[in-house]
Amino acid sequence: MSTTQSERLRELLEPLVTSQGLDLEEIEVDSVGRKRVLRVVVDSDTGADLDQIADVSRALSAKLDETDAMGDGEYTLEVGTPGAERLLTEHRHYVRATDRLVKFQLAEGGELVARILKVDDDGIDTEVPGVKGRKATARRLAFDDIVRARVQVEFSRKDNKKEEEA
């Protein structure tokens, strides 16, 4: 049996989120003064649109109302998707970040910024961008080599597919 409130909430809410075709990524309960906020982060391989977020929010709210999982006090339910610079912690996160630029902290020390090209059960094939006119290089990373990985926001990425078609 779960001992923490987050674990109990996960057990209660995860089946509802899954039934909506989404993955329950994170549950967090914050207290600020007398106010409490329950943050639920959901995602899927194709992302989650506003209609899906609204549907899952209504389902979670109804389930929470019929239980005492949040206790007697008032709270605010916030349902959303991972941010643009999401932390990659699960295999599915790496798969969803395919073709994205990621900053890796490596077990051997140091950091690497590379684009995820392919993900399999053992690790990741990446492309390290070239510097100062040099060509990009391929690099394979085993999951054991990665301490931490976070998606990077790209504001001026050139779309190679459009360039190839032109």
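Q: In which strand does leucine 106 lie?
A: This is a predicted model. In it, leucine 106 lies in strand E4.

Q: Is leucine 106 buried or exposed?
A: Buried means under 20% relative accessible area. Leucine 106 has 8% relative accessibility, so leucine 106 counts as buried.

Q: Which residues does leucine 106 touch, not counting residues up to four places away in sequence?
A: Leucine 106 is part of strand E4. Leaving out residues up to four places away in sequence, leucine 106 touches Leu112, Arg139, Leu141, Asp145 and Val147.

Q: How many bridges join E4 to strand E5?
A: E4 covers residues 101–106 and E5 covers residues 111–119.

Q: Which residue in E8 is the bridge partner of phenylalanine 104?
A: E4 also pairs with strand E8 (residues 146–151), in the antiparallel sense and over five bridges. In E8, phenylalanine 104 has as its bridge partner alanine 149.

Q: Which residue takes a positive phi in the hairpin of E4 and E5?
A: The hairpin has four residues between the strands. The positive phi, near 105°, belongs to glycine 109.

Q: Which element gives the most to the largest nonpolar core?
A: The largest nonpolar core has 16 residues, and Phe104 is among those with the most contacts inside it. E4, E5, strand E6 (123–128) and E8 are the elements that give two or more residues to this core. With four residues, the element that gives the most is E5.

Terms used: Residues are numbered from 1 along each chain as its sequence is written. This is a predicted model: local features need pLDDT of at least 70, side-chain atom pairs count only at pLDDT 80 or more; totals for chains, interfaces and linings use all residues. Side-chain values use heavy atoms; hydrogens and water are left out. Two strands pair if DSSP finds at least two bridges between them. Buried means under 20% relative accessible area, exposed over 50%, partly exposed in between (1.4 Å probe, protein chains only). Contact means heavy atoms within 4.5 Å. A nonpolar core is a set of buried Ala, Val, Leu, Ile, Met, Phe, Trp, Tyr and Cys residues joined through side-chain atoms within 4.5 Å.
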